Amino acid sequence: MKKKIIVAFLATLSLTACREEFLDLTPVSTTSTNNFFKTQADMVTAINAAYAILQAPGQYGNYYIVAEIPSDNTTPVLSGSVTDQDEFDKFYIRTTNPVLLERWNDGYKGIYRTNTILDRIGSVNMNEELKIRITGEAKFLRALMYFNLVRVFGDVPLVLKEISDPAEGYEYGRAPVTEVYAQIVKDLSDAEKALPASYTGADIGRATSGAAKALLGKVYLTNKQYAEAAAKLKEVIDSGQYALLPNYANVFNAANKNHRESIFDVQYKKGLVPREGSGFANAFAPENSGNAVVLFGGGGNNRPTPDMEQAYEAGDVRKNVSMATNYVNAAGNRVDYYFVKKYLDTPVVSGDSDDNWPVLRYADVLLMYAEALNELGRTAEALPYLNQVRTRAGLSAVSITGQQEMRLAIEEERRVELAFEGHRWFDLVRTGRALPVLKAKAAAIGIKTDIDQDNLIWPIPQSQIDINKTKIQQNPGY
């Protein structure tokens, strides 16, 4: 996707501006959009804009707040907007928490962009092969955005068309989770047929058929459709398009991104005007560290827990790549401080680095496939896929015969392999392990937690209920 995809979104901002009303689904004016979406170039610009929204705080820009901080992997920053993030760490989330609203609004802004493409592209006179590909890209992105919404909020409005009349937005209530997932599966099934296996040049980074298959496998796994998950993930493995990089550190080297282990990343590029780089290096570096860890200092966000450090086995090369427990300050003194190291590209200015956000990578696919096989009772078949990941990490292969032992081994392997990439909370929820793991963690460090079944999804933003009370009701427990 690189520079051409990122920059083109800027030309579309004025065409996709949304009013701050229900779902952010309707544009301020339809005049500009009616004059757009007429040519092949317009459609390329439009799909680039759909990719660009993935950088938004409510998509992947602040994804760690809902995907890592609620888990046992990390804790929130201890200053600044501490309350907003602390609520996710300790499960006392206000319905007015701004993180919820940005996740809702940015999710539906992206869905609006994909719906507009899908509604308009059929009438555009353009290269037919490109039309098919852009349609597949839009469906992949819409599925990804709905997957992230449904896992966070549960039932959500299922909007599958461009909305031009503000009143129409109020007709949408919350669709059942089953309906949302059915649409996600349909979109991904369509996308895998429409998308190419790979790209070259400036198009590298766009969604591929492998990305659609990998995400579909994750969706099936989430819904406990293990046979379907195993079959789809095996297609990714057998495609020959992907492989584990020999050196774990190279997976996160910003100069090496979009490599063979990368299946789908949110793309960033530093040094552009307006800025299109990522802010993870500065966000995760220690507070008050000056330039000792990364230029322009750090915000101290998403701090690894001592429990996370202890999860790594002796000799695991992933630990030092993923996190640090201290740094040396400008005065030459050691400062004990846990921080995430995976995203440490040197920024051009604060918050402008080249680090991509990995959404899907091959190690994830191998471990998901092992999980699906194990749940089907095929533990012996699952073992080699678990051991592939361990071996790359510098660890010895393990010998496991029992299904429950394998479940726990995969859980721990996913934790250390995919640490700080936005998987841990959703893994714990998917496997039914969130409550026992987090209650045990709280007890071990002597804090009280009121986490219960209701906390496995977040509250609907209060503003969405207030403006459409007849259609949108709150989740239980909030």
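By class, 19 nonpolar, four polar and 16 charged residues line the largest pocket of this predicted model. Here Ala, Val, Leu, Ile, Met, Phe, Trp, Tyr, Cys and Pro count as nonpolar, Asp, Glu, Lys and Arg as charged, and the others, Gly among them, as polar. Residue numbers start from 1 along each chain as its sequence is written. The model is predicted, with local features needing pLDDT of at least 70 and side-chain atom pairs pLDDT 80 or more, while totals for chains, interfaces and linings use all residues; side-chain values use heavy atoms, with hydrogens and water left out.

**The largest pocket**

The space in the largest pocket is about 590 Å³. Its lining has 39 residues, and D72, D307, R415, V437 and K441 lie nearest the centre. Two or more lining residues come from each of α6 (82-90), α14 (306-311), α17 (379-392), α18 (403-417) and α20 (434-444). The top contributor is α18, with seven residues. Helices (H or I, at least four residues) and strands (E, at least two) are DSSP runs, numbered from the N terminus.

A pocket is an open set of points on a 1 Å grid over the protein atoms alone, with protein on both sides within 12 Å along at least five of seven lines; a cavity is a set where a 1.4 Å probe fits but cannot get out; lining residues have an atom within 4 Å of a point. Points are joined across faces, edges and corners, and a volume is the space filled by probe spheres set on them.

**Cavities**

The whole structure holds five cavities of 30 Å³ or more. The table sets out two of them.

| Cavity | Volume | Lining by class |
|---|---|---|
| Largest cavity | about 150 Å³ | six nonpolar, five polar, six charged |
| Second largest cavity | about 130 Å³ | 10 nonpolar, three polar, five charged |

For the second largest cavity, 18 residues form the lining, with Y63, R151, K218, V359 and H423 closest to the centre. The elements α8 (128-153), α11 (209-222), β6 and α19 (424-430) each give two or more residues to that lining.

The largest cavity has 17 lining residues; V251, F252, H259, D265 and N356 lie nearest its centre. Strands β2 (262-266) and β6 (357-361) each supply at least two of the lining residues. The largest share, three residues, comes from β6.

**Salt bridges**

There are 45 salt bridges in the structure. Each is a side-chain nitrogen of Lys or Arg within 4 Å of a carboxyl oxygen of Asp or Glu.

R390 pairs with E413, the closest N and O atoms being 3.4 Å apart. R390 sits in helix α17 and E413 in helix α18, so the bridge ties together parts 23 residues apart in sequence. R390 is buried at 5% relative accessible area. E413 is buried too, at 4% relative accessibility. Buried means under 20% relative accessible area, exposed over 50%, and partly exposed in between (1.4 Å probe, protein chains only). R390 and E413 also belong to a salt-bridge network that links E261, E313, D316, R318, K342, R361, R390, R392, E413, E417 and E421.

R94 and E87 meet at 2.3 Å, N to O. R94 is partly exposed at 34% relative accessibility, whereas E87 is buried at 1%.

K234 bridges to D238, with the closest N and O atoms 2.9 Å apart. Both lie in helix α12 (residues 226-238), four residues apart, about one turn of the helix. K234 is partly exposed at 26% relative accessibility; D238 is exposed at 52%.

**Backbone features**

Most residues other than glycine have a negative phi, and most peptide bonds are trans. F37 has a phi near 55°, a positive value in a residue other than glycine. F37 lies in the loop between α2 (31-35) and α3 (40-52) and is buried at 4% relative accessibility. N288 also has a positive phi, about 60°, and is not a glycine. N288 is in the loop between α13 and β3 and is exposed at 78% relative accessibility.

The peptide bond from V273 to P274 is cis, with omega near -5°. P274 is found in the loop between β2 and α13.

**A buried helix residue**

F88 belongs to helix α6. F88 is buried, with a relative accessible area of 0%. F88 and N455 are 367 residues apart in sequence, yet 9.6 Å apart in space, C-alpha to C-alpha.
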